Amino acid sequence: MFNTLAYRSHDEIVFGRAKSILRYGFDLTIGNNEVVPEVKYWPYREHEKEDRVVREYVSLTKEILDRAVNLGISSLQLDTELSFFITLKPKLAEEIINKQKNILERYYKNYGIKLALRVTPADVRRLRGIEFDEAFNIMMETFEIVCKAGADVVSIESIGGKEVFDYALVRGDIEGIVFSLGILAPIDMNKLWREITSIARRNNVIPGSDTACGFANTAMILAGGKVKRCLSHVLAAIIRAMSTPRTLIAYENGALGPGKDCAYENVIIKAITGYPISMEGKTSAMAHSSLVGNIAAATCDLWSNEQVENIQLFSGSAPQVALEILYYDTKLMNTALKTGRERILRDLFIASDKFSDPQAFILSPDIAWSIAKSIIVHKEPYKRTIEAGLKALNSIKDAYERKKLKLDPPELRYLNMLIKGLMKIPNEEDELINKVINIYRAKVKGFVPSHYDL
């Protein structure tokens with residue numbers, strides 16, 4: 001249980017440095033005065049068939065490493081996110097990871113490039129046509145088999161509680177959001193991460209991290225940009241903050257990082273744990289648009305690109321192009337670290353985004369650090385979730401009142417409505433459970449309380 005912050009001040013938090021340094025894979029070091037590119041990729045859609053997908057992974061891995069060697073990259077992490085199709089076929093996952101790891105070993109020996117492989121099985125428990133418990137067992141089998149096949153780090157983008165969250169999100173139902181993020185997701189995270197860390201440790205693999213991508217990134221995408229928006233940006237911002245306690249549970253069950261790149265809440269996680277984190281920002285534009293392109297880089301230890309399909313562009317495959325962009329970003333950050341100017345660059349990353357949108361504002365290390373402080377005051381995920389939301393809202397309100405952060409009239413109304421709504425949430429989780437469980441049992445298709453031992 002984390003009850004103190006890893007840093008004495010938000011000013012200590014900077015890209016490329018973590019309190020807990022990780023060493024794994026083929027001589028790769030994370031968090032020790034260097035930002036490492038972490039490239040993510042997806043097979044060409046038409047090739048995601050059992051007789052072709054292995055060859056696809058082999059070819060794209062070689063292409064990525066060829067580009068890395070040609071650019072003179074000295075350190076690199078690959079992240080293989082397994083599709084539903086592959087996760088449900090553990091033997092297929094084993095073959096892919098085994099071949100990828102053999103390729104990495106060859107390039108390490110031949111060229112001296114420091115390498116590691118993160119593997120991220122999919123959360124398949126909400127798929128139609130497969131029972132919840134059966135899906136869980138297959139997931140754990142896939143985790144076990146990829147650990148044995150050569151994964152250096154394992155992670156997941158888990159979605160426990162998402163069925164209620166999605167229903168509540170589109171309705172602006174703050175009670176449902178708290179029920180999902182503060183009660184259902186933590187129950188699921190504890191069960192899931194006890195299993196993942198156990199599997200990873202007995203196979204000498206690092207239990208990496210989880211991400212609230214299925215929650216906070218859903219809100220971010222719906223929030224949209226400055227003109228087209230389906231959701232309040234203030235709501236999307238506080239959901240990011242409120243998702244942190246459920247992500248933190250992975251670490252309280254033994255996860256060590258590096259945090260997954262799509263967990264933008266990682267800046268708050270790093271403030272609490274001191275563990276290395278991966279982040280994505282402008283480099284994720286190939287997968288989705290956001291208003292946090294630069295500020296996301298301020299505290300990263302790995303810099304990633306989100307998913308990019310293995311299609312051909314003029315200069316090579318899309319994953320190769322993504323890697324080159326990542327490399328030049330990290331090259332700049334590492335030059336700043338070597339010359340003692342890392343805080344200057346970090347502060348420029350922050351200043352370019354911080355006051356442009358509430359979602360960027362809460363990722364600023366000073367605001368993230370204050371949210372982290374509000375979280376560790378409590379032990380229960382439920383109270384942590386509510387406090388994180390209130391702290392984020394009050395910080396946004398304060399910045400608006402000081403004329404730092406602009407909010408248009410609809411966003412300002414939503415801000416005040418959310419503060420009032422969170423203040424009315426019951427103090428004890430049992431009270432909220434009793435109030436809403438039968439409502440969501442009746443209205444939310446797929447919500448089965450027994451999946452959460454309720």
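C213 is buried, having a relative accessible area of 15%, where buried stands for under 20% relative accessible area, exposed for over 50% and partly exposed for values in between, with a 1.4 Å probe and protein chains only. C213 takes part in no disulfide, and a search of the whole structure finds zero disulfides, the term being used for a pair of cysteine sulfur atoms within 2.5 Å. C230, in contrast, counts as exposed at 68% relative accessibility, and C230 is likewise in no disulfide.

| Cysteine | Nearest cysteine sulfur | Distance |
|---|---|---|
| C213 | C262 | 4.0 Å |
| C230 | C213 | 18 Å |

The model is predicted, and local features need pLDDT of at least 70, side-chain atom pairs count only at pLDDT 80 or more, while totals for chains, interfaces and linings use all residues. Residues are numbered from 1 along each chain as its sequence is written, and side-chain values use heavy atoms, with hydrogens and water left out.

Strand β4 covers residues 75–81, and seven of its seven residues are buried, so β4 is largely enclosed by the rest of the structure; helices (H or I, at least four residues) and strands (E, at least two) are DSSP runs numbered from the N terminus. On one side of β4 lie S75, Q77, D79 and E81, on the other L76, L78 and T80, and all are buried.

Two strands pair if DSSP finds at least two bridges between them. Strand β3 (residues 36–40) pairs with β4 in the parallel sense over three bridges, with E38 standing opposite Q77. Strand β5 (residues 114–120) runs parallel to β4 and is joined to it by seven bridges, and V119 in β5 is the bridge partner of T80.
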